[in-house]
Structure formats: structure tokens, C-alpha cells
Amino acid sequence: MLTYLQVEKALLNLEYIVDFNLRYNTKLTAFIPVDGYKSDVVLEFREAYQSELGNCDEMLHIEWLMDDEESCLFLDRNSLDDVDETPNIFPTEKRILREIFDRILKEIASEPQEKF
């Protein structure tokens, strides 16, 4: 299970801009600029937790608003192996998004696990 600390360290190692305001937002957010595009790729992470109000699964995903300001690409760990049903739509951008996500996952995996 990933922790905020692991994801935060990985993002900082990659020199991405991280929103540290977790006090009012249960998600860690990072903004990843892409040269030549208006919108940043936005990463969101939330630790899994259990509470009296219900359990919440871990969430790690990235979204990217395309320059047409209507289309959005989305990728999470659960969809990495899914078949792209529309390969001709934003193929370059999909490749960029996957490369960014793979880079983040690789950096997270390279961080030593915290022992409690």
C-alpha cells in the first residue's frame, strides 16, 4: 500500500510541483507541465483508509485536459493494461501521459519502504 510520504518523495525527486495543503484536502496533488501544451497533467493520490463512515480504496491517477479544453485523458494503475478502444484519438498525448505515469511509478518503486 502506498503512502503519502512515498508518493511525495517520488514527485519531488522528479521535480514536479506538489500541493502540500493536505489539511483541507485528503488528496495529494501534483502539477506536471508538458512543453507545448496549455494544461498541466494533474496527479492525484489518496491513501486507503478505514473509518466508521466507510472504507476508501487507495487512489493514484493522472488527468490531462487537452488543448481543445473539452477532451480529457485519464490514467490510473487499474487501467494500465486496458486496450485503447480509440487509438487514433490523441495518440501522441496518450503516449506522453503513459510515459509520465510510468516515470512516476518507477520513481515510487525506487523509494525504500518505510518500516513502522
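Phe90 sits in the loop between β5 (72-76) and α2, where helices (H or I, at least four residues) and strands (E, at least two) are DSSP runs, numbered from the N terminus. Phe90 is not a glycine, yet its phi is positive, at about 50°. With a relative accessible area of 24%, Phe90 is partly exposed; buried means under 20% relative accessible area, exposed over 50%, and partly exposed in between (1.4 Å probe, protein chains only). The model is a predicted one, in which local features need pLDDT of at least 70 and side-chain atom pairs count only at pLDDT 80 or more, while totals for chains, interfaces and linings use all residues. Residues are numbered from 1 along each chain as its sequence is written, and side-chain values use heavy atoms, with hydrogens and water left out.

A positive phi, near 65°, is also found at Glu15, a residue other than glycine. Glu15 belongs to the loop between α1 and β1 (17-19) and is exposed, its relative accessible area being 70%.

We turn next to the helices. Helix α1 (residues 4-13) packs with helix α2 (residues 91-110) at an angle of about 120°, and their axes are 9 Å apart. Here axes are lines fitted to C-alpha atoms, for helices over the stretch in contact, and angles run from 0 to 180 degrees between N-to-C directions. The two helices, α1 and α2, are therefore oblique to each other, given that angles under 35 degrees count as roughly parallel, over 145 as roughly antiparallel, 65 to 115 as roughly perpendicular and the rest as oblique. Contact (heavy atoms within 4.5 Å) is made by Gln6, Val7, Ala10, Leu11 and Asn13 of α1 and by Ile104, Glu107 and Ile108 of α2.

Because Tyr4 lies in helix α1 and Phe45 in strand β3 (residues 41-46), the pair ties together parts that are 41 residues apart in sequence. Phe45 is buried, at a relative accessible area of 0%. Tyr37 and Trp64 also form an edge-to-face pair, with 4.8 Å centre to centre and 65° between the planes. Tyr37 is partly exposed, at 22% relative accessible area, whereas Trp64 is buried, at 0%.

Key: Phe/Tyr/Trp six-rings, centres within 6.5 Å; stacked < 30°, edge-to-face > 60°.
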